[in-house]
Amino acid sequence: MAKRVTLAVAGSRKTQGIVEHCAGLPTARRVLALTYTQKNQQELQDRLARHAGDHLNIEVLGWFTFLLRHFAKPFLPFMFPGEKVRGFNFEGMPYRMSKGKARFLDKGGAVYRSELGRLAFELITASKGALIRRLEGIYDEILIDEVQDLSAYDWEILDALLSSNIAIWMVGDIRQAVLATNGRSSKNKKYAYADAINWFRTREKKGLVAISESTVTWRCHPQIAAFSDLIFDASWGFPGTVSKNETVTGHDGVFLIRGEHVAAYVSAYSPQSLRHSAASAKQLDLAFMNFKVAKGATFARVLIAPTSPITDFIRSGASMEPLAASSFYVSVTRAEQSVAIVLDDPGDSKLPYWTPPVSTGHRR
Amino acid sequence: MIKKIRIRGYRIHRDLTIYPNPKLNLIVGGNESGKSTLIEAIVLALTGRINGRSAAEELNPYWFNAADVADFIVKRAASELTRLPEIDIEIFLDNVPELQELCGAHNSNLPTEACPGVRIRCLPNPDYLAELQAWATAPTPLLPVEYYCVEWSTFADVRLTMRPRALTTAVIDARTVRSSGGVDYHLRQILGSQLEPQERASISLQYRQAKAALSESAFKTVNQRIGQLHAALHAQPIALAMDQTARTSWEESVAPHVAGVPFTMSGQGQQSAIKIALAMNRHAGHAKYVTIEEPENHLSHTSLATLLDRMGALASDDQQLFITTHSSSVLNRLGIEALQFLGPAAPVKLDELSTGIVGYFKKLPGFDTLRLVLADKIVLVEGPSDEIIFERVFVDLFGKRPMACGIDVVSMRGLSLARGLELCHRLGKKVAATRDNDGIDPTELRRPLAPWLAAGQREVFIGEVAHGHTLEPQMIHHCGEAQLRTILGIADTANLETWMTRQKTEAALRIASSSEAVTAPAYMLQAAKFIHG
């Protein structure tokens, strides 16, 4: 069965690709579509209903639900005989030194979110093949959207799925890996965030998965696309983005603005303001949205309050840490027509400054 | 396909494990051996229902195994901490791709094993723990089922509310036919499964349209009249119309008809025959599991033969049948290899019989195979006269009839003694077989039977050739001619041996009812002593 991954750029209509793929499948094919965020799940369900409504064998699940329903619940007795999964503990975490049952389940029998991946992974082996065989019996094909958001043991689980006889198609943008399903685990740190690209490349070398790149963005203006390509330096080996956005508005591309002009810019273009978190850009009184929250969204124009790594990158081209680079990439690629970055000292940057038009009526 | 059934704490079954045959299972046992309870348990676990109602609604104290409850009371009285009685019925299914949705490790197999399956349990409800503890301080034989809950789930630990599609089950009970209530729940299920979804939708739509048309036409003048009544509050007009709400759906008004007669008005035998044919009929939604209780009921011998032939023709590889029966005809015709015997000890099945013996009994529907299955100990004799004489010999020896000692004397009536012994061997029964020597050395006669014999367990008793070739000369030899003439009361002119041989049964009856002392042939005495033990 075919195993492939499509590494896409922002705005390349990944979700639409999944929907169209589903609509083209025989209606009897049993398909599971997995996504990471709730928002994405809802979006995918709605679009599938519209474009593939007659495919009753397509099921959409979140990643955690998938692990609970098909891994933890049916097979828990292999690790803890007589025990049941009685819920999902989203917030809590086990004590660092917890062993055995207490590592995975709280007192009420609910699985800790932070340990679900590890539990699921360990059950694959503990079940002596029954777990994967069960999945093979239930699904012909598994689609995984936002694959870049998986982390830690999730990658081991993907490995197990890659050696099953289920067709697998993973879609993701490695450059957008700003969410991780397990913030604490040290497992697979080396693949964390944008390093996930290396995970796929090693699998490709072993012939386990075929990688294809989708480099066309329908969202970002060519200048924005070109700028977004600079965020990850050449050593990552990401291909360049091709833009199919041909809209011209008279204010298109990437600009710097000085703090004093922010108010004028906002009133002129009404951009969506983006920041790293509530703690950043306190000097600006704008209706901000955090980088992580903006993921998946599209705006005509954005205004970014830069973090210090972003500032360094713009001034001197200093390369960024994978996580910082990811979140900056996400914020830049939200925009269709223009990106404005608030920065008073441009350093060596060649980016143009936007200034308010001189109002001839009041000045001379 | 069901591979294994385990029932714990349910009614008579304290802990019963059955490994069903892939296609046909003929469940046989004495009264009160739990045949119907086994069927009930299978249906309960497969459908979550009993007699069409949900298990939770029907749960009552008598569902719990009486020995389990008694045990609990004794242990609690001795201040031992022991678990409250529970019911646990598990159905283990074939580990095939189509059933993987039901696959998981939540079953009683040890070591932990994952396979598809469903399970229904009656457990103490954790919400009522305090109440249960209070009750357990002075427990009574009637469990407080109000504090219990019913948990119906797959082995994957998914709670079930509706029967999974892979587990379509048809339930047929020929023992009792329900009152005039019309089409019962089980028949509605069977009928429903005959229809494709499109057919169903089309019938439903046309039925509603027909009702609407009736409201428009026949009721029109009536409605014009009563519309003037102003009977409702606020003086809105009232009108009569056919009820279109869900409780009057077409399913409620449909019944199968046989030659123009409503199903429920036709004979009871006819009703169960139709149900069986509908349930076994090959169609898209056909039931994977069919349970039939006592198909022989209400049927004449010839009707039963017709029905059994039809069942044999309809049987298919993807349908598993569970049939309880008290009829040897059903057993012989459908094949003794399908037997599942619920005895006092562990259940016995005959699935490894040679095809030769299965075919042999199939051709002999009249032979009372079930007597061999159900008896504790068996005496196989050649014919009715041997049967009668053996009884007399036995009563003379022990003062009781063989039946009173759990011994069934079965006349082979010309059937192969080897086949009878083979069957008894597979059933693990204690058997004494007797036969005439017909002038052949007993050692010679014993040789072909050797595979089915075991010292102290199954033995053959044959009179010496010198004492006569058949029963009659043997009697003359042991009793003496004079004594026998007195017993039989025949004229001196008649030749004793010729008279006895011509009227075997009459002679046997006269011997059996005689008040004179009878000296039994040595081999019969040995057989009686052997079997009584």
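The model is predicted: local features need pLDDT of at least 70, side-chain atom pairs count only at pLDDT 80 or more, and totals for chains, interfaces and linings use all residues. Residues are numbered from 1 along each chain as its sequence is written, while chains are lettered from A and ligands numbered from 1 in the order written.

Start with chain A. Six strands form an open sheet there, in the order β3-β2-β6-β7-β1-β8, with parallel pairing. Strands (E, at least two residues) and helices (H or I, at least four) are DSSP runs, numbered from the N terminus. Two strands pair if DSSP finds at least two bridges between them. The edges are β3 (58-62) and β8 (210-214), and each pairs on one side only. Inside the sheet, β1 (residues 3-8) joins β7 (residues 167-172) over five bridges. A:V5 stands opposite A:M170 of β7(A).

Helices of chain A cover part of this sheet. Helix α2 (residues 38-51) touches β2 (31-35) and β3, and its direction makes about 170° with that of β3(A). Helix α3 (residues 63-75) lies across β2 and β3, at about 105° to β3(A). Angles run from 0 to 180 degrees between N-to-C directions, with axes fitted to C-alpha atoms, for helices over the stretch in contact.

Now chain B. The axes of α13 (residues 384-398) and α20 (residues 522-532) come within 10 Å and cross at roughly 65°. Among the residues that meet are B:F390 of α13(B) and B:L525 of α20(B). Contact means C-beta atoms, placed from the backbone, within 7 Å.

Finally, the chains touch. Chain B gives twelve residues and chain A gives 15 residues.

Technical notes: Two residues are in contact if their C-beta atoms, placed from the backbone, lie within 7 Å.
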